[in-house]
Structure formats: C-alpha cells, structure tokens
Amino acid sequence: MPSRVMGVASKPGEKCVLQIRCSTESDRTAIRSVHASAFGPGQAREIVALVDALLEDQTARPLLSLIAESGRELTGHILFTAVEIQPDQNVSARILAPLAVSSDCQGEGVGGALIKAGLEQLAESGVDLVFVLGHPGYYPRFGFQPAGVLGFEAPYPIPPEHAEAWMVQPLKAGVIGRIEGTVQCSDALSQPQHWRE
Ligand SMILES: CC(C)(COP(=O)(O)OP(=O)(O)OC[C@H]1O[C@@H](n2cnc3c(N)ncnc32)[C@H](O)[C@@H]1OP(=O)(O)O)[C@@H](O)C(=O)NCCC(=O)NCCS
C-alpha cells in the first residue's frame, strides 16, 4: 500500500501531518509501545502478546497492518485479519482488532484516520465484510452496525447487554441478507480471553 498523507488537527487551530502506511518488521517495537500506552498496565501485556501472535499467525492472513506516524513518532496502529464464516461461505471477510492510539495522541482523529484508510484499502482489495467487537459509541460513525441482528454470530456468545458491541460493515452491496453464519477467527484471535468482557 502506498503511504497516505492526510492533515489532522492536533490542537485547535494547529495542523500536524499524519502519514498512514503499512507496517514493516522494523516497526514492531514501536507498535508494541503504542498498544502498551493505549491500553494501559491492566491490559498491555495481553494486547501486546495478541498483536505479536497475530502478526506471526498464518491463519490470520491475509492481514492488513497499518501505522499512523506524525513526524518520526508512531502514534497509532490498526490490524485487520482474516476470518471465515461458517458453514463455509464464499465470502472475503476480515476483523478489525486491535486498534490503538498512544495515550497522548488520543482524540486527535488518528484512530478514525486509521479505520478509514484500512476500510478503503480492504474495499479496493475486494473484501466483502469487516467485523469488529468494540465500542458501540465509536465504530458506527465509520459505518459499522450491529452484526447479530443481521445473522452473524461471534466466535463466542456475546451477552445480550453487549450485543451492540459486535458489529459488521459491508464493503459491497448485496452481501447483507445473502450471507449469514458464525464468524471464525484466526488461531490467535480465537483464544477465549479475547472475547470476554
Ligand atoms: C479508541 C481509540 C482507538 C480511538 O482513537 P482516537 O484517535 O482517540 O479517536 P478519534 O480521535 O478518531 O475519535 C475521537 C472520538 O472517539 C470517541 N471515543 C474514543 N474512545 C471511545 C470509546 N472508548 N468509546 C466511545 N467513544 C470513544 C471520543 O469521545 C471522540 O468523540 P467525539 O469526536 O464525538 O468527540 C483510542 O482512544 C484508543 O487507543 N483507546 C485505547 C485502546 C482502545 O480502547 N482501543 C479500541 C479497542 S475496540
């Protein structure tokens, strides 16, 4: 993927340039730091281990790993990995997980820019559906909608009070309603600890 450069307001009246590109192996340490900063001490170890596992997991491929850079500083990272829909469906689908923005750069549009760049790239690659388990106050602004009522079960049951956190976005017309089933993630993301509250 070619680098994408976009202007993002970092503070009122101030502009910084945000560059989004595919990550490389040499970004790995900085990617770990971004996740540790974003998720904090309580979750850092688990999320950093998940990112490392996903980047090595053959069952997660094809994957899309994008970073956001402001100057020389890596400020955000997003990962989309392959999922299947069971029983076997002829569909190309991904799941967004995880997404992190350094704690001192949050609320400046970095997360949104990574989501939009990722969805655009996946649509260009012919992907049909993208899933996410995340904040129902955040992801709908990027086009995600509750997935359960559309016939897509998560790999593990989602308690009814969190049903809206399990979301999907079609990247092609005519996919919703034609396809339904249970989403099966990569080996790394199928571990039950990633699906509890
Ligand atoms: C969630 C996260 C990725 C958002 O990235 P960001 O760059 O801070 O977000 P953006 O600048 O694109 O968007 C800011 C908006 O998102 C909202 N937002 C941020 N975190 C949110 C959350 N957890 N729930 C609901 N809304 C949230 C903000 O309130 C703000 O809303 P506004 O535009 O109406 O003021 C980032 O805050 C983060 O890394 N958080 C910790 C890790 C995490 O929770 N990752 C997501 C796992 S699903």
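## Terms and model

Two residues are in contact if their C-beta atoms, placed from the backbone, lie within 7 Å. This is a predicted model, in which local features need pLDDT of at least 70 and side-chain atom pairs count only at pLDDT 80 or more, while totals for chains, interfaces and linings use all residues. Residues are numbered from 1 along each chain as its sequence is written.

## Overall fold

The chain holds two helices and 10 strands, where helices (H or I, at least four residues) and strands (E, at least two) are DSSP runs numbered from the N terminus. Along the sequence these elements follow the pattern β-β-α-β-β-β-α-β-β-β-β-β. The radius of gyration, taken over C-alpha atoms, is 16 Å, close to the 16 Å that the globule rule (2.2 Å times the number of residues to the power 0.38) gives for 197 residues, so the chain is as compact as a globular protein of that length.

Of the contacts in the chain with a separation of 6 or more, 66% are accounted for by residues 24 or more positions apart.

A nonpolar core is a set of buried Ala, Val, Leu, Ile, Met, Phe, Trp, Tyr and Cys residues joined through C-beta atoms within 7 Å; a residue is buried if 20 or more other C-beta atoms lie within 10 Å of its own, exposed if 12 or fewer, and partly exposed in between. The largest such core has 53 residues, of which Ile-95, Leu-114, Val-130, Phe-131 and Val-132 touch the most other members. Among the elements that each supply at least two residues of this core are H1, E5 and H2.

Leu-114 is one of the buried residues of H2, and, leaving aside neighbours within four places in sequence, Leu-114 is in contact with Ile-20, Leu-66, Ala-68, Gly-76, Ile-78 and Leu-99. After H2 comes Gly-126, whose phi is positive, near 90°.

## Asp-187

Asp-187 lies in the segment after strand E10 (181–184) and counts as exposed because 12 C-beta neighbours are inside 10 Å. Not counting residues up to four places away in sequence, Asp-187 touches Asp-57 and Thr-59.
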